[in-house]
Amino acid sequence: MFCASTKNFLLRVATVVCLATVCVATVTPDPRNSLIPRITSNPTAKVIEKGSDITLICSLPTRSTAQGADLVWHFNGKRLSSERFRSTENGTSQLEIQNAKFSDKGLYSCGLRLYTEEYRNSTTLSVGIKPNALLSCESSNHLEVFCHWNETDSNLPTNVTFAWRLNYEGHWSYCGVSKDKIPMLQETCTCQDNRCHFPMNNGGSHVMKIELTNALGVTSVTEWFNPDTDTIPNPPESVSAMVSETNAISLTWSKPTDWLNTFQLLYRVQYTHDLTSLDWKEIEIPYPDQRQFVLESCDVATHSYYYFKVACMSSYAGNDDKWSEWSNVASCRIQSAEEPTSGSRTDELPRDFSTATDVESNIKQTTSLPLRDNKNTKLVIKTAGISSSLTLLVCLLVFCLVVLLKRRCAGKRDTECLNANTYRSTIPFQDRLIADV
């Protein structure tokens, strides 16, 4: 009895012969297997470091009748130019990648196309660098500590663990978990993304460490930090400048909101009268926690505006580079004694006028001055016209009053003279002579 069938997985059952209870099957490989190329590499690693070289080798099976020139390469699904690879006489094709870049990471395929079918094999190549990072820690109030790191792009999946210990301790502790399984350490710090938070100062100098691991190696980065001496406060707040009647400037400010009253702050002030200038005068406040500064009037020049900013530093700071950032700039206006009143000129209007002619001449002189087309100038001209009209009216009233008074006085003198002559005529001549004498 003879039977035949075809099976999957590129196997073909040729003939099955059954003799009594024994069946013998002859299996031959699918001839398509002899057409699928095989990819190897030199070096053999599928993850290489940026800047290194690698050669991908595509080989035909030994039974294949195809040639190496019949092989083509694809990168991420796109066919590569024949200039990128070279064929050999022994039925291979080599794709060389020199000075590998991050962009060379991807899927490489080598294929043989015959008639309407293509026989292809693929491999994945990764390009990256060893992991690395910059670790830094900070505190703004001697109590809370924040550590964060900026990871260098390695172009590879990287695992990061954060550990810390006090300077005098020998074992490392991990945020949330301790190698020694000490329960209290579970609340010591918490980490999220690239940042770890210590809510309490554990005392003294700390050693912080991160370990970064990827396919190319392991890197350990450490940072020493002491919250007692390395704290840098936030800038002072609510900076305000006030001008007194004597033109002295009083500057006040408040400490940062998160600062603890347990620790004292030192302050320094910078001020200038020109924001575009880099020349800021600086004064250090002599006493800790003093939050007021007075710039006396003798130190104030005849400039319109003064600008101030304040910085602070903990009195426990280990060195002079622990000053905070500068606060927001506060400003105030100084008006000098020589500065004219805003919107007027001292020589635009006379102070008093004696006659209407003077008024008219002064108006002509005022209007003949070069004027600016603004509201202040229009107000000056209008005021001058009103003043001249009032002055003319007053002069006319005064003139009429003088005339009336003269007439009244003249009539009164005539009456007095007539009465005196009448009285004198009734006196004897001798007596009048004596009276005149």
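**Entry 1**

I began with Arg86, which is partly exposed at a relative accessible area of 43%; here buried means under 20% relative accessible area, exposed over 50%, and partly exposed in between, with a 1.4 Å probe and protein chains only. What I have before me is a predicted model, in which local features need pLDDT of at least 70 and side-chain atom pairs count only at pLDDT 80 or more, while totals for chains, interfaces and linings use all residues. I also noted that residues are numbered from 1 along each chain as its sequence is written, and that side-chain values use heavy atoms, with hydrogens and water left out.

Which residue does the side chain of Arg86 meet in a salt bridge? I found Glu96, with N to O at 3.4 Å, a salt bridge being a side-chain nitrogen of Lys or Arg within 4 Å of a carboxyl oxygen of Asp or Glu. Glu96 sits in strand β10 (residues 92–97) and Arg86 in strand β9 (residues 85–87), ten residues apart, and the pair links distant parts of the chain; helices (H or I, at least four residues) and strands (E, at least two) are DSSP runs numbered from the N terminus.

**Entry 2: a network of salt bridges**

I then looked up the count of salt bridges under this rule, which is five. Among them is the one where the side chains of Lys322 and Asp230 meet, at 3.9 Å from N to O. Lys322 lies in the loop between β27 and β28, and Asp230 in the loop between β21 (217–225) and β22, so this pair ties together parts that are 92 residues apart in sequence. Lys322 also forms a salt bridge with Asp321, where the closest N and O atoms are 3.9 Å apart, and I recorded Asp230, Asp321 and Lys322 as linked in a network.

**Entry 3: the disulfides**

Next I turned to the cysteines, taking a disulfide as a pair of cysteine sulfur atoms within 2.5 Å. The count comes to four, and the pattern along the chain, with bonded cysteines counted in order, is 1-2, 3-4, 5-6, 7-8.

Cys58 is joined to Cys110, S to S 1.8 Å, and the link is left-handed, with -85° about the S-S bond. Cys58 belongs to strand β6 (residues 54–59) and Cys110 to strand β11 (residues 106–114), 52 residues apart, and I noted that this pair links distant parts of the chain. Cys58 is buried at 0% relative accessibility, and Cys110 is buried at 0% as well.

Cys137 and Cys147 have their sulfur atoms 2.1 Å apart, and their link is right-handed, with 105° about the S-S bond. Cys137 is in strand β13 (residues 133–138) and Cys147 in strand β14 (residues 145–151), ten residues apart; both cysteines are buried.

In the disulfide of Cys175 and Cys189 the sulfur atoms are 2.0 Å apart, and the torsion about the S-S bond is about -115°, so this link is left-handed. Cys175 lies in the loop between β16 (173–174) and β17 (177–178), and Cys189 in the loop between β17 and β18 (190–192), so the pair ties together parts 14 residues apart in sequence. Cys175 is buried, with a relative accessible area of 18%, and Cys189 is buried, with 1%.

**Entry 4: the nonpolar cores**

Which residues touch the most other members of the largest nonpolar core? Of its 22 residues, they are Ile249, Leu251, Trp253, Tyr306 and Phe308. Two or more residues each come from β22 (237–243), β23 (249–254), β24 (265–272), β26 (292–295), β27 (305–314) and β28 (330–333). A second, separate core of 20 residues includes Ile39, Cys58, Leu95 and Val127. I used the rule that a nonpolar core is a set of buried Ala, Val, Leu, Ile, Met, Phe, Trp, Tyr and Cys residues joined through side-chain atoms within 4.5 Å.

**Entry 5: the whole chain and its confidence**

The chain has three helices and 28 strands, and of its 437 residues 31% count as buried. The mean pLDDT, the predictor's confidence in each residue from 0 to 100, is 75, and 68% of the residues reach 70 or more. Over residues 177–186 the pLDDT is below 50, and beyond near neighbours in sequence this stretch has nine contacts in the model, contact meaning heavy atoms within 4.5 Å.
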